[in-house]
Every structure is written in structure tokens, then in C-alpha cells.
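Me: I would like to learn how to read side-chain contacts in a model like this one. Could we go through it together, starting with the rings?

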Amino acid sequence: MTNDPCFYCYFDLLYVRHWEAPKVVALFIFIAPNKSFFSLGGLFYVVFKELFSSSSPSKIYGKALEKCRAHPEIIGVFGEPIKGYGEMTRRGRRQHVSHVEYMKDGLKHMRLKFYIEGSEPRVQGTVHSEVKENPETGKYEFRYIFVDVDTYPRRTVVIEDNR
């Protein structure tokens with residue numbers, strides 16, 4: 001027949017004896033759905049943490065952009081409405097907000113950089129912000145938010161400074 005000594009080992013793996021059939025059925029009924037359930041739960045956790053957590057970069061970006069939109073000097077320089085966007089990707093999309101997370105003195109910090117523009121033609125700016133974790137509440141609080149106006153005349157507009 002064959003000279004391969006593992007032929008019968010492979011055959012035993014494929015062949016299910018009639019008394020082992022309930023084990024195989026139990027495997028598909030109990031084990032497989034549980035693995036997929038926990039995998040799906042892990043996926044939902046990651047998505048929830050990224051989109052709905054108060055410490056996600058996208059939430060902090062949204063809060064910083066709202067503070068920029070409400071500041072009267074920013075409205076005067078850029079005009080209304082003010083749009084915010086992140087770094088440009090290879091596909092031309094600007095959805096990625098540049099951020100860096102780090103630990104300092106046992107507290108979490110995060111720096112963000114994104115760009116804004118308004119209705120004034122050719123007037124753009126770069127927003128720099130940093131948040132620090134409050135040890136009592138566990139939520140992030142802004143240390144600073146300032147905007148560098150990238151067009152002439154160049155200047156820096158300080159929105160918030162809690163350093």
C-alpha cells in the first residue's frame with residue numbers, strides 16, 4: 001500500500017469512529033461558538049474603547065476642535081465655519097490625527113496635532129494640544145491648546161494654557 005509510517009496517523013485524524021461522534025458534535029456545539037463569542041466580545045471592546053471612551057484620541061480631538069471653534073480670535077482669523085482635519089494619507093484622506101501617548105510622573109499624557117482652516121481663503125493653522133490624566137477622576141484634562149497660523153502674518157494664538 002504505502003511506505004509512509006504516518007499514513008495511518010493521518011488516516012486516524014480524518015476518520016471519526018462511531019463512539020467519538022458525540023465528542024465531535026459537542027465540539028462544534030459548545031467550543032466553536034464560545035470562541036467566536038469571546039472573539040466578537042474582544043472586537044466590540046476595542047471598538048467601544050476607541051470610539052466612545054473619553055480618553056480616545058478622537059474624543060480629545062473633538063473637544064479641542066470645539067474649543068477652537070468657540071474662541072473669538074480664531075473665528076476672527078480663520079472665519080466661520082472652521083474645519084479640522086488630520087495628516088494626509090497616501091489615499092488623500094485626512095482623517096488620522098497625529099497623537100503621542102506617554103507616561104510622565106506616573107500619569108498618562110497625550111499630545112495631539114491637527115490642522116484647521118476656515119472660510120478665509122488660504123488661511124490655515126496647526127493646532128497643538130496636550131492632555132494630562134487627572135489622578136482623582138481618571139479623565140484627561142487639557143494642559144494647553146494653541147494654534148500656529150501658518151500663513152502671513154505668522155503668529156500663535158493661545159486658546160488654553162494650564163501648565
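Reply: Happy to. The count comes to 3 aromatic pairs, where rings of Phe, Tyr and Trp (its six-membered ring) pair if their centres lie within 6.5 Å; planes under 30 degrees apart count as stacked, over 60 as edge-to-face and the rest as tilted. One of them is the edge-to-face pair of tyrosine 61 and phenylalanine 114, with 4.8 Å centre to centre and 85 degrees between the planes. Tyrosine 61 belongs to helix H3 and phenylalanine 114 to strand E3, so this pair ties together parts 53 residues apart in sequence. Helices (H or I, at least four residues) and strands (E, at least two) are DSSP runs, numbered from the N terminus.

Before we go on, this is a predicted model: local features need pLDDT of at least 70, side-chain atom pairs count only at pLDDT 80 or more, and totals for chains, interfaces and linings use all residues. Residues are numbered from 1 along each chain as its sequence is written, and side-chain values use heavy atoms, with hydrogens and water left out.

Me: Is tyrosine 61 buried or exposed?

Reply: Buried means under 20% relative accessible area, exposed over 50%, partly exposed in between (1.4 Å probe, protein chains only). Tyrosine 61 has 17% relative accessibility and counts as buried; phenylalanine 114, at 0%, is buried too.

Me: How many salt bridges does a search of the whole structure find?

Reply: Side chains of opposite charge can pair when their charged atoms come close. The rule here asks for a side-chain nitrogen of Lys or Arg within 4 Å of a carboxyl oxygen of Asp or Glu, and the search finds 7 salt bridges. Among them, lysine 67 meets glutamate 160 at 2.7 Å, N to O. This pair links distant parts of the chain, 93 residues apart: lysine 67 is in helix H3 (residues 57-70) and glutamate 160 in strand E6 (residues 155-161). Lysine 67 is partly exposed at 32%, whereas glutamate 160 is buried at 18%.

Me: Which residue forms a salt bridge with arginine 111?

Reply: That is glutamate 130, with the closest N and O atoms 2.9 Å apart. Glutamate 130 lies in strand E4 (residues 124-133) and arginine 111 in strand E3, so the pair ties together parts 19 residues apart in sequence. Glutamate 130 is buried at 1% relative accessibility, while arginine 111 is partly exposed at 44%. Salt bridges that share partners join Arg111, Glu130 and Arg143 into one network.
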